[in-house]
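I open this notebook to record what I looked up in the structure shown below.

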Amino acid sequence: MTLEPEDLSPEAEQLERIMKTLDRRPVHLPSRVRSAVMARVRAQQASVWVRSWDWLAAPRLSPLAAGVALAASIALLLLIRPEVPTGTPTEATGSLTVPVRLVFLAPQARSVAVTGDFASWDPTGIPLAQSQGDGMWSVEIELPPGLHHYVFIVNGTEWRPDPNAASRVDDGFGQQNSVLLVPGRRAS
Amino acid sequence: MNGGPSDAEVIARVLGGDTELFGILVDRYQDEFARYAKYMTGSEDDAADVIQDSLVRAYRSLRRCGDPESFKGWLFRIVSNQCKTHLARRRRRRLEPLADEAEEVPSSADPAADAEGADLRRKVHQALQELPTDQREALVLKYVEELSLPEMARLLSASVSALKMRLLRGRRELLAKLQGVLT
């Protein structure tokens with residue numbers, strides 16, 4: 001262990017002696033942990049395939065409606081194309097992201113942050129701030145157009161969905177992620 | 001890491017559809033963070049649950065791991081967060097933390113000393129469980145996992161000065177809780 005100057009205080013030395021009494025042997029988890037993880041991973045994979053197949057196989061549109069939908073999709077692509085050129089959006093000048101304000105009411109919270117796919121699900125998240133001390137926390141972030149999943153992190157530990165989100169999805173752990181649809185900027 | 005594909009290579013293969021290779025990452029890291037999780041949650045059973053959930057969460061978010069070469073640090077932050085979520089849920093259920101630490105250390109030729117040592121270990125373990133989570137985490141990483149302050153700062157995304165403060169407060173609180181125990 002690397003010693004810091006403050007490790008040399010009597011208090012630190014006393015604590016060092018105490019902590020040495022703790023068991024530092026490696027902990028080997030039972031093999032059931034690996035089995036359970038891989039079973040859940042396979043189930044996750046299977047559910048993705050089943051959902052994909054169900055989506056492909058499900059009859060949804062009449063030929064006429066499918067034709068109209070195809071025409072609408074092409075028109076939409078043509079409309080969007082000038083706005084979303086090929087390339088990496090994050091390398092652009094910033095015009096390919098949209099400012100989004102996230103708001104969360106938590107009068108009792110000591111801290112609120114937001115994490116999601118746009119933050120690589122970083123558990124520390126992007127901090128929100130209170131402007132008036134009234135429990136209304138907010139942050140403005142730049143997001144690329146599209147669907148984003150996110151949750152708020154209250155007091156650094158509690159993950160909570162956004163009650164104002166338009167929809168939610170199951171996170172696979174008995175809780176829910178909020179869903180945010182960020183529309184593209186209108187061409188000026 | 002000794003031989004074998006790098007984390008980044010494994011992640012690329014898993015994301016390419018070779019799901020079973022995720023088992024390599026499970027084998028590589030499930031025990032690596034188990035001791036930390038045990039000291040954070042107070043028991044090996046809870047640590048097993050936390051590690052299991054963390055690994056599954058990591059799999060589900062694998063595409064969002066910004067830097068596959070830093071998978072270990074990214075996974076640690078998921079484990080750390082899961083420990084805190086686990087503790088918050090337990091507090092809500094008003095369950096007391098478990099303290100099964102003391103009985104596991106091998107015995108020596110001196111049963112009286114063993115019993116005394118086991119008693120002290122149990123009390124230290126219990127006092128550690130009563131500390132605020134961030135202080136306990138700092139003490140566990142420094143004294144059990146034996147990490148340096150810069151290593152802790154990298155893992156926890158915190159500044160060295162903030163960690164020094166957590167350690168200082170943690171030391172004082174722990175010593176205060178053990179006042180009657182220490183001679």
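**Entry 1. Chain A.** I began with the order of the elements in chain A, which from the N terminus runs α-α-α-β-β-β-β-β-β-β-β-β. I noted that the model is a predicted one. The tally for chain A is three helices and nine strands. I looked up burial next and found that 18% of the 188 residues of chain A count as buried. Of the contacts in chain A with a separation of 6 or more, 56% involve residues 24 or more positions apart.

**Entry 2. Chain B.** I then turned to chain B, whose secondary structure consists of nine helices and zero strands. Its pattern along the sequence reads α-α-α-α-α-α-α-α-α. Chain B has 183 residues, and buried residues make up 40% of them. For contacts in chain B between residues at least 6 apart in sequence, I recorded that 64% join residues at least 24 apart.

**Entry 3. Helix α1 of chain B.** I examined α1(B), which covers residues 7-15, and found D7(B), V10(B), I11(B) and V14(B) buried. Viewed down the axis of α1(B), the buried residues fall within an arc of 100 degrees, so they line one face of the helix. After α1(B) comes G17(B), with a positive phi near 115 degrees.

**Entry 4. Helix α9 of chain B.** I checked the length of α9(B) against expectation. At 1.5 Å a residue, its 18 residues should span 26 Å, and the end C-alpha atoms of α9(B) are 25 Å apart, which agrees. I then asked which residues of α9(B) are buried. They are L163(B), R166(B), L167(B), G170(B), R171(B) and L174(B). These residues cover an arc of only 135 degrees around the axis, so they sit on the same side of α9(B). On the other side of α9(B), I found S161(B) and A176(B) exposed.

**Entry 5. α8 against α9 in chain B.** I looked up how α8(B), residues 149-156, packs with α9(B): the angle is about 105 degrees and the axes are 9 Å apart. The two helices, α8(B) and α9(B), are therefore roughly perpendicular to each other. From α8(B), L149(B), P150(B), M152(B) and A153(B) meet V160(B), L163(B) and K164(B) of α9(B). By class, this contact of α8(B) with α9(B) has six nonpolar, no polar and one charged residues. I noted that L163(B), one of the residues in this contact, is also among the buried residues of α9(B).

**Entry 6. P183 of chain A.** Lastly, I located P183(A) in the segment after β9 (176-182) of chain A. Is P183(A) buried or exposed? P183(A) is exposed, because 8 other C-beta atoms lie within 10 Å, and a residue with 12 or fewer counts as exposed. I also recorded that P183(A) and G146(A), 37 residues apart along the chain, have their C-alpha atoms separated by 6.5 Å.

Terms used:
Residues are numbered from 1 along each chain as its sequence is written. Chains are lettered from A and ligands numbered from 1 in the order in which they are written. This is a predicted model: local features need pLDDT of at least 70, side-chain atom pairs count only at pLDDT 80 or more; totals for chains, interfaces and linings use all residues. Helices (H or I, at least four residues) and strands (E, at least two) are DSSP runs, numbered from the N terminus. A residue is buried if 20 or more other C-beta atoms lie within 10 Å of its own, exposed if 12 or fewer, and partly exposed in between; C-beta atoms are placed from the backbone. Two residues are in contact if their C-beta atoms, placed from the backbone, lie within 7 Å. The expected span of a helix is 1.5 Å times one less than its number of residues. The arc is that of the directions from the helix axis to the C-beta atoms. Axes are lines fitted to C-alpha atoms, for helices over the stretch in contact, and angles run from 0 to 180 degrees between N-to-C directions. Angles under 35 degrees count as roughly parallel, over 145 as roughly antiparallel, 65 to 115 as roughly perpendicular and the rest as oblique. Ala, Val, Leu, Ile, Met, Phe, Trp, Tyr, Cys and Pro count as nonpolar, Asp, Glu, Lys and Arg as charged, and the others, Gly among them, as polar.
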